[in-house]
Amino acid sequence: CAPAPAPVPEAPKQFILISSRPEPAPEWVTTGSQENTESLLYFVGMSGELHAEERDALKQARIDASNKFVDYCGVEAKVFSEFIQTVHGLSSQIQDATVAGTSGSTQKSEAYFSRLKLSQRYIEKYERNPGEYAYKIKVLINVPKDEYDKVQAWKQQRAAERMLNTNNAIEGLLNSGRALLKEGNVLGALNHFMQAKTIASESNLAAAILHLAKIEQEEKSLTGHLQLKILENERQTVEVDEMPKPMVAILLWQAGEGEHKPVSDFPLKVEWSIFGDKGSVKKSTDIEGKLTLNLPSPSEKGVILARVALDKVRLASQVSASALRDLEVKEIHFRIEVQRTLWQKALGMLGIGSGAKSGTSGTTDEKPLVPDFAFRLRTADALTNYRLGDEVTLYSECAARCYVRLYHLGPDEKITVLADTTRKQLKNKRVVLFRGRVSSAGKHIFLGTSATGKFANRFKPGSKISEEDLMAQIKIFQLADTKKAVFHTTLTVTE
């Protein structure tokens, strides 16, 4: 026989309205409102969903009616809680709307709202199973109109106090910013102006908003009187291995007609382009408002560029956006051109100094020289720094019997052959090549070439030669079929 059909599950029972009171329902229940009187304001509250307990439905209906009173007063719930504590001295018991199931103003003070008079209530009772009940309730509460008037008076007083406090805060920051500016603390002044501007822009008070234009005017006046200037060595030309002069900038604030004050500890950014390689570094002005940039001696020919500007990344958290825009236009530029003389090319051909890296052209006869024996130049007193007029004695020493020629390049850029020996020096014996007084201050470079064979031609000691002649002699020296070595040293003479 066929199996018995499966029983169809019963649909869950619904709650059914079984009673309501009072009967018939008052007009305010159906319309949702009650006309106000001269002395009383009325508000209808609803419990919303079904509640298992009558008291819970009543409580929710009162919450709803109370929140409608708050909305009617034209304030947010958290502000109303402030009114309750200020005017009535009641502690605030806050409940979130997501819990209470209400909309609009979402917080309340039960201690205050429990005092509002319940005029009437309307209760609906529902049943799903025998003994299983649920309730919906609507309430009508009345609030004395003078309570509403109290809220409005308090709102006006609060607005006046807020305006006064806001204005005082703004004026205080502006005054302290002006005081800092008089001391030369530009960054501190701009920061105080930014704080005042933030308070004014975040306030919804008309008087505070009026401050914005005044603050921006003060900011613009300040930034417009900032000057980032070059003090020393905007452009310079140096030789390879020559120390560039310090590049010096200064940041000034024009305090008045003809009066300038240095701006110390102000964030700057230096962007470098060194022979095409780019980089940046963070700097700040010193106590005199200066920025000094020092570079080591460049090791190759080319161009070095430096751009100095106010560091907008570090400034972004300390000054307003509008002030930052005004500051971005302030920048200065330094330029160093590095040249390479024929003298340096000659040193490069001999494998001496930085010229050995970049001075040769790559041809076979211009590869850096590899010494065949030890050779050196020294001063008799082992010094390299002298005063103008001091006597200097320079000697050579070879680890082989050799001929020696001594070249000199002075501060006047002239090349002189100081010595050109006619006899071989003895092995490891010191031979004085030059003895005399230095007659000019600056850098004196001495180049010694030594060989076991004679030089192709000779120079009389004290002979002046051109850079082209020097290059020719160095090439001849390189190609000579003999063992050879070179050495160079620099003496610095000051006045």
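Predicted model: local features only at pLDDT ≥ 70, side-chain atom pairs only at ≥ 80, totals over all residues.
Two packed helices are described by the angle between their axes and the distance between the axes. Helix H6, which spans residues 145-182, packs against helix H7, residues 186-202, at an angle of about 165 degrees. The axes of this pair lie 7 Å apart. Because angles over 145 degrees count as roughly antiparallel, H6 is classed as roughly antiparallel to H7. The crossing of H6 past H7 is left-handed. On the H6 side, the contact is formed by Thr166, Ala169, Ile170, Leu173, Leu174, Ser176, Gly177, Arg178, Leu180 and Leu181. H7 contributes Val186, Gly188, Ala189, His192, Phe193, Gln195, Ala196, Ile199 and Ala200. Of the residues in this contact, 12 are nonpolar, six are polar and one is charged.

Helix H6 also packs with helix H2, residues 54-73. Here the angle is about 45 degrees, and the axes are 10 Å apart. This angle makes H2 oblique to H6. H2 passes H6 in a right-handed crossing. Phe69, Tyr72 and Cys73 of H2 meet Glu147, Tyr148, Val151, Gln152 and Lys155 of H6. The residues of the contact between H2 and H6 comprise five nonpolar, one polar and two charged.

The sheet is considered next. Strands of a sheet pair through backbone hydrogen bonds, either parallel or antiparallel. In this model, five strands form an open sheet with mixed pairing, in the order S6-S13-S12-S9-S10. Strand S6 (235-239) and strand S10 (277-284) stand at the edges. Each of these two strands has a single partner strand, so one side of each is left without a neighbour in the sheet. On average, neighbouring strands of the sheet are turned by 20 degrees against each other, direction ignored.

The pairing of S6 with strand S13, residues 331-339, is parallel and extends over five bridges. Within this pairing, Gln236 has Ile336 of S13 as its bridge partner. S13 is also joined to S12 by eight bridges, and these two strands run antiparallel. Ile336 of S13 is the bridge partner of Ile304. Strand S12 (residues 302-310) pairs in turn with strand S9 (residues 267-274) in the antiparallel sense, over seven bridges. In that pairing, Ser273 stands opposite Leu305 in S12.

Note on methods: Residues numbered from 1 in each chain as written. Heavy atoms only, no water. Axes fitted to C-alpha atoms, helices over the stretch in contact; angles between N-to-C directions. Helix = DSSP H or I, 4+ residues; strand = E, 2+ residues; numbered from the N terminus. Parallel < 35°, antiparallel > 145°, perpendicular 65-115°, else oblique. Left-handed = near helix turned anticlockwise from the far one by under 90°. Contact = heavy atoms within 4.5 Å. Nonpolar A, V, L, I, M, F, W, Y, C, P; charged D, E, K, R; others polar. Pairing = 2+ DSSP bridges.
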